[in-house]
Amino acid sequence: MASWVQSVLVVLAMVLFPTTVESKVRHYKFNVVMKNMTRLCESKPIVTINGKFPGPTLYAREDDRVIVRVVNKVPHNITIHWHGVRQLRTGWSDGPAYITQCPIQTNQSYLYKFNVTGQRGTLLWHAHITWLRATVHGAIVILPKHGVPYPFPKPDHEKIIVLGEWWKSDADDVMNQWVQTGMPPNVSDAHTINGYPGPTPGCSSSGFTLHVEAGKTYLLRIINAALNEDVFFKIAKHEFTVVEVDACYVKPFKTDTIYTAPGQTTNVLLTADQKSGKYLMAISPFMDTIVAVDNQTAIATLRYKTTKPYTPLTLTTLPATNATPATNSFIESLRSLNSPKYPALVPLKIDHSLLFVVGVGVNPCPTCVNGSRVVAGINNVTFVMPDTALLQAHYFNTSGVFTDDFPGNPVTPYNYTGSGPTNIQTTNGTKVYRLAYNSTVQVVIQGNGIIAPESHPIHLHGFNFFVVAKGLGNYDPVNDPKKFNLVDPVERNTLTVPTAGWIVIRFRADNPGVWFLHCHLEVHTTWGLKMAFLVDNGNGPNESIIPPPKDLPTC
């Protein structure tokens with residue numbers, strides 16, 4: 001063949017079948033090991049990745065392939081969830097134990113393999129079994145493709161801020177307290193900023209310090225890795241420009257207080273525009289109902305590089321614990337960028353219109369302290385974890401593991417935020433809701449007032465969704481749709497249902513597999529506030545889940 005013909009064919013191939021030559025394969029190794037850590041002036045062994053708390057940051061670029069070998073060297077089963085990664089057709093790597101995989105047992109390993117297709121921004125990874133994510137968590141940073149700028153002014157530097165909780169006792173022992181007694185478990189003993197609580201009553205340990213240079217702008221990648229608490233984040237005298245949540249760009253807005261729930265990520269620009277000195281950085285809890293929280297404020301410091309010794313710390317005032325207006329102001333400021341490059345593709349025609357009522361209940365428990373156990377559920381169903389992973393049972397058509405009759409609406413409607421039903425027991429079941437590939441879904445997530453109304457951070461695996469509306473009281477299917485924002489609603493993977501209120505999401509079921517939806521308060525997940533969507537395969541291999549890997553753990 002003549003050389004000019006070969007050249008023409010090469011050019012045609014590049015045009016017709018472009019390759020992502022810039023994408024890379026990123027390899028990581030996560031060793032799950034025990035490590036002694038000292039916090040609050042007390043030491044204890046904790047489960048970690050590579051001996052770090054928080055764990056190592058996973059870096060990638062949009063469209064890269066990521067391969068992580070997880071080797072379990074501790075006497076606990078483990079799985080890792082890549083929170084917010086779409087996992088298109090790769091549900092085997094999503095990570096929730098007994099949903100998409102059986103756990104990695106002691107002295108075993110598993111290779112997680114996935115692409116970060118069409119995603120860029122800040123996400124997180126964490127353990128997804130029992131309460132191990134208390135210490136097994138870290139950041140995921142997905143950079144834009146080479147040559148693609150941020151849709152906001154380029155920062156001079158980027159910093160990761162991971163927010164968490166710390167218990168003096170073992171976190172799984174705290175969880176088992178509920179199993180044994182039926183009573184709510186103890187709240188944490190401290191909050192943490194990048195793993196450190198800072199000085200607390202009875203312990204004068206130092207906290208995290210963020211070093212900045214005057215006049216420079218910093219992109220702070222803020223991750224709420226706490227188990228059970230929404231928090232406020234603030235830095236004295238400094239203002240933030242919010243530019244992204246849950247790895248989705250938003251219309252920039254300014255605020256001096258960040259509100260974030262467990263599982264949520266927030267990217268903000270911070271300019272070091274104050275005089276040289278030290279400034280208080282702090283987080284404190286949000287709770288606007290009677291539920292107990294850890295009232296301990298975590299303290300860190302923002303320090304200018306030219307600060308002189310013995311310069312006093314500039315303080316700030318955090319919002320009150322029940323500062324609902326502060327949370328509403330933050331949430332209602334979030335709008336999708338909705339630009340030509342980053343459009344908000346909100347489904348307008350809906351195939352499945354669902355109403356999920358979320359909250360707690362009380363079931364009989366003869367061995368518990370009061371003869372009963374606090375539980376939680378969706379549409380009065382307390383989810384029972386199977387012995388075999390749901391995705392395996394679905395793929396291999398194994399019967400007896402789950403049923404696909406999860407109720408799309410409450411079986412018996414009631415005044416959800418009012419007096420409620422007289423019977424506050426739930427039913428137990430391992431149920432999924434089945435969706436056809438590429439169908440469109442609207443879910444009204446309605447909080448109830450049983451025992452106590454409470455806000456719920458709800459996370460959906462495998463998808464992003466658009467938050468088109470929220471409100472207080474009971475959702476009104478006649479009048480509330482008139483308030484829907486179908487133009488530029490915020491896109492994310494974890495939302496907060498307001499206390500005694502509701503929220504509406506929309507998404508397209510374009511990802512075949514079994515996808516967990518659950519409260520990201522670990523206490524509520526443990527109690528059963530969870531379910532799963534089963535999305536059937538579409539047409540052909542590109543719309544079907546890939547076969548399971550050979551090293552998939554067994555139960």
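Predicted model: local features only at pLDDT ≥ 70, side-chain atom pairs only at ≥ 80, totals over all residues.
Starting with the overall form, the secondary structure of the chain comes to 5 helices and 33 strands, and the C-alpha trace spans about 80 × 65 × 55 Å along its principal axes. A compact globule with 555 residues would have a radius of gyration near 24 Å, and because this chain has 23 Å, the two values agree. If we take contacts between residues at least 6 apart in sequence, 79% of them join residues that are at least 24 apart.

Now to the interior. In soluble globular proteins, nonpolar side chains tend to be buried together. Here the largest nonpolar core has 82 residues, and the members that touch the most others are Phe233, Phe507 and Phe533. Strand E18, which covers residues 278–286, gives this core its largest share, namely 6 residues. There is also a second, separate core of 44 residues, which includes Ile78, Tyr110, Ala127 and Phe516. To return to Phe233, if we leave out residues up to four places away in sequence, the residues that Phe233 touches include Ile161, Leu163, Phe240, Met281 and Ile283.

Let me turn to the open spaces. The largest pocket holds about 780 Å³ of space, and of the 29 residues that line it, Gly118, Pro343, Leu345, Asn464 and Glu491 are the closest to its centre. Strand E15 (248–255) and strand E31 (501–509) each supply at least two residues of that lining, which by class has 15 nonpolar, 6 polar and 8 charged residues.

The second largest pocket has about 540 Å³ of space and is lined by 27 residues, with Trp178, Met385, Thr525, Thr526 and Lys530 lying nearest its centre. Which element gives the most to the lining of this second largest pocket? That is H5, with 4 residues, while helix H2 (171–181) and strand E21 (352–364) are among the other elements that each supply at least two. The lining of this second largest pocket divides into 16 nonpolar, 8 polar and 3 charged residues.

Among the residues lining the largest cavity are His126, His128, His518, His520, Cys519 and Thr525. Strand E7 (121–127), strand E32 (513–519) and H5 each supply at least two residues of this cavity's lining, and the lining as a whole has 3 nonpolar, 6 polar and 2 charged residues.

I will finish with Gly420, which sits in the loop between helix H4 (390–395) and strand E24 (427–429). Is Gly420 buried or partly exposed? Gly420 has 23% relative accessibility, and therefore counts as partly exposed. Apart from neighbours within four places in sequence, Gly420 is in contact with Tyr414 and Asn415. Between Gly420 and Tyr433 there is a separation of 13 residues in sequence, and of 25 Å in space from C-alpha to C-alpha.

How values were computed:
Residues numbered from 1 in each chain as written. Heavy atoms only, no water. 1 Å grid on protein atoms, 1.4 Å probe; cavity = no way out; pocket = protein on both sides within 12 Å on 5 of 7 lines; lining within 4 Å. Points joined across faces, edges and corners; volume = space filled by probe spheres on them. Nonpolar A, V, L, I, M, F, W, Y, C, P; charged D, E, K, R; others polar. Core = buried A, V, L, I, M, F, W, Y, C linked by side-chain atoms within 4.5 Å. Buried < 20%, exposed > 50% of the residue type's maximum accessible area, 1.4 Å probe, protein only. Contact = heavy atoms within 4.5 Å. Rg over C-alpha atoms; globule rule 2.2 N^0.38 Å.
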